[in-house]
Protein chains: 2
Amino acid sequence: MVGAGEPAARLLVVGTGLIGTSVALAARAAGYEVWLDDVDHDRLRLAVSVEAGRARDGESPAVDLVVVAVPPFAVASVVSDIASQFVHANITHVASVQAEPERQVETVLPRFDRFVGGHPVAGRERSGPHHASADLFRERPWIVCATPSSRPTAVRAVTDLATACGAVTTEMTAAHHDAVLARLSHLPQLLASALAGSLLGLDRGEAGLAGTGLRDTSRLADSDATLWAEIVTANPVAVAAALRSVIGPLTELLGVLDAGDPGDIGRDVADLLRRGHRGRQLLAGKHGQRPVQWASVAVVVPDEPGRLARLLADTADAAVNVEDIRVDHSPGQPLGIVELDVAVAAADSLATALGAGGWAATVSMPSGVPGAD
Amino acid sequence: MVGAGEPAARLLVVGTGLIGTSVALAARAAGYEVWLDDVDHDRLRLAVSVEAGRARDGESPAVDLVVVAVPPFAVASVVSDIASQFVHANITHVASVQAEPERQVETVLPRFDRFVGGHPVAGRERSGPHHASADLFRERPWIVCATPSSRPTAVRAVTDLATACGAVTTEMTAAHHDAVLARLSHLPQLLASALAGSLLGLDRGEAGLAGTGLRDTSRLADSDATLWAEIVTANPVAVAAALRSVIGPLTELLGVLDAGDPGDIGRDVADLLRRGHRGRQLLAGKHGQRPVQWASVAVVVPDEPGRLARLLADTADAAVNVEDIRVDHSPGQPLGIVELDVAVAAADSLATALGAGGWAATVSMPSGVPGAD
């Protein structure tokens, strides 16, 4: 069936955490017949209870594709087990690092042509099969990493599954994947954690003076320590290169600050900011178009159920599309500031319409002479 | 009037950018009589047109307090001019650095007792008097920095103004202010810019694989380069100390990565993450309570005007209060993922209610075993 270029109709998912169970649910919704397995029997029972598939129960049904949804350092041993039990099936995994699992699979199964790496880039830390969703991968990237040995039908089976799950597939080598994810994911994680850790020199009153900037920049620092220890351990060289790309400019700036020449400091900081502007331009805008900068309309919103919804309803009445929303709960007070990002041309008319509806709204344009903060 | 412990009733604002004009509007709304001045006549005329006050027009009305709302390095010379023209008025400023302006004022006006520093921490970069708002400072911190020479009535005049503007005042020395803001504001800015700059090694397709994590962590990198060059130049010692507090642990991690021992890497990364967890706990939660972690409900939302509002209205119908919202526009597709943060106990019922309304909603709990991303 796979060889005929059609989607694999029979899938086994090994590991029924959030990602594995979500793959199972999405595949079932797309017409796949799905079996499940997990060393944790409670987790497996829970995945079965949300109708993600049927338990394998020690049997070896004829499946076309096996998804190994286990932590990175467990991938190779599970792939090896599966390969001996399912002698025709293609096998993939869903870990967020690729080169190390690929190397370990090559060690235990040299030139194994039924194996293909994969990484559905599906958002933040989540947990458990009861939170799984068939929509988890919808419109998200799913990076497919063929090995030098992967047979074309195996690659096809994985891209077909990803597409059936609603994801947007991209193919690259495992090394390329790990280098890119080191920049896009592993580096921001480490910076956010280092930034949050640096707050330990402050007391709670001082830290309470922080605004949305610090909160956004450090949000990733809430991530799971054990997971990230494993991810970075599996990708040390690319993470080191990514770290150097920020430690370098920051250390240079530190030297300039210590030297104390105001002209040099100003030039170095402005250069750092301008490089940052160019880097931000690389982050894809909406709909794959070039990114644009939005105007921001800040609105004072009492913290009561439904008030935020009424604000959004009033915004919709103004026929203005909101591109992004941030909610800043002010410390110590029962009010929040909601920032609505909208097109520059729409900002003033939105603020006027909201003002007419009784909201206190302030417009901020994306560039120009900044305020005193 | 000031001496009697009552609010200053007569205010002059010098510099009618967004912050100065917003102070003027807020003070007028609180009953102050307000005069305005600006070397840029167009900007002054605009501030007058939004009814922030009357133009000073070269005269010297009897005012109780003067707010100098100009860039940090212009503060001292304007304060000196004002001090000679208004021989009884107290004088403050609103720059986001404090020690350097205080030092420069001491140089031109030794032991000057009518001067008090101030910093309304009023959000992100904004521009122009036409975007000013009387609500800009509402529930925001306003840090008041008395000098060793400041007379008590001058400090009172500034805290009264801040309170009248709706801000929450905190008093600290200029050096303390600059050390705290270096951690809370200047450091996150430099990290976000360095992180965004590091993306320049990627092409647009690679950068387009980024998720909300990188976008949040690098958002500050859009800030104004000229403003930040001036801020950091005026606060080099505290910014250097703040930079060291992140360069240190990151450089240590880099050494461990280069050494390549998996056990050491895992331990170092887990330590970095756990320090970050503790640092995040210092950021004040809502209403000044201890911070809590929220569950996140992710919902697929078509990108059409009003759809977001309908989602929020449906959320309000479920009688669930939304603590935070993030919108992630998926690259290349006309759909967005909206993440609603709600109390853990409310997440499943919200997801069920939204599901009944036709939305595809996925719950993520704040801790536990993370997914593969």
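In which sense do strand 5 and strand 6 of chain A pair, and over how many bridges? In this predicted model, strand 5 (residues 90-93) and strand 6 (residues 115-120) of chain A are paired in the parallel sense, over two bridges. A:Ile91 has A:Phe115 of strand 6 as its bridge partner. On its other pairing, strand 5 of chain A runs parallel to strand 4 (residues 65-68), with four bridges between them; here A:Val66 has A:Ile91 as its bridge partner. Both faces of strand 5 of chain A are covered, with A:Asn90 and A:Thr92 buried on one side and A:Ile91 and A:His93 buried on the other.

These strands belong to an open sheet of eight strands in chain A, with the order 3-2-1-4-5-6-7-8 and mixed pairing. Its edges are strand 3 (54-55) and strand 8 (168-171) of chain A, each of which pairs on one side only.

The contact between the two chains involves 152 residues of chain A and 151 residues of chain B. Together the chains bury about 14,100 Å², of which 62% lies on carbon and sulfur atoms. Between chain B and chain A, 24 residue pairs are in polar contact. Helix 11 (residues 262-282) of chain B gives the largest share of the side of chain B that touches chain A, with 16 residues. That side of chain B consists of 74 nonpolar, 43 polar and 34 charged residues.

Six salt bridges are found across the interface of chain B and chain A. A:Asp222 and B:Arg280 form a salt bridge through their side chains, at 3.0 Å from N to O.

Over all chains, the whole structure has 22 salt bridges. In one of them, the side chains of B:Arg244 and A:Asp258 meet at 2.4 Å, N to O. Because B:Arg244 lies in helix 10 (residues 236-259) of chain B and A:Asp258 in helix 10 (residues 236-259) of chain A, this pair joins two chains. B:Arg244 is partly exposed, at 43% relative accessible area, and A:Asp258 is also partly exposed, at 45%.

Within chain B, a salt bridge links B:Asp64 and B:Arg10, with the closest N and O atoms 2.8 Å apart. B:Asp64 is in the loop between strand 3 (54-55) and strand 4 (65-68) of chain B and B:Arg10 is in strand 1 (residues 10-14), so the pair ties together parts 54 residues apart in sequence. B:Asp64 is buried at 10% relative accessibility, whereas B:Arg10 is partly exposed at 29%.

Conventions
Residues numbered from 1 in each chain as written. Chains lettered and ligands numbered in written order. Predicted model: local features only at pLDDT ≥ 70, side-chain atom pairs only at ≥ 80, totals over all residues. Heavy atoms only, no water. Contact = heavy atoms within 4.5 Å. Buried area = accessible area lost by both parts, 1.4 Å probe. Salt bridge = Lys/Arg side-chain N within 4 Å of Asp/Glu carboxyl O. Polar contact = N/O pair within 3.5 Å; in protein donor to acceptor, adjacent residues only side chain to side chain. Nonpolar A, V, L, I, M, F, W, Y, C, P; charged D, E, K, R; others polar. Pairing = 2+ DSSP bridges. Buried < 20%, exposed > 50% of the residue type's maximum accessible area, 1.4 Å probe, protein only.
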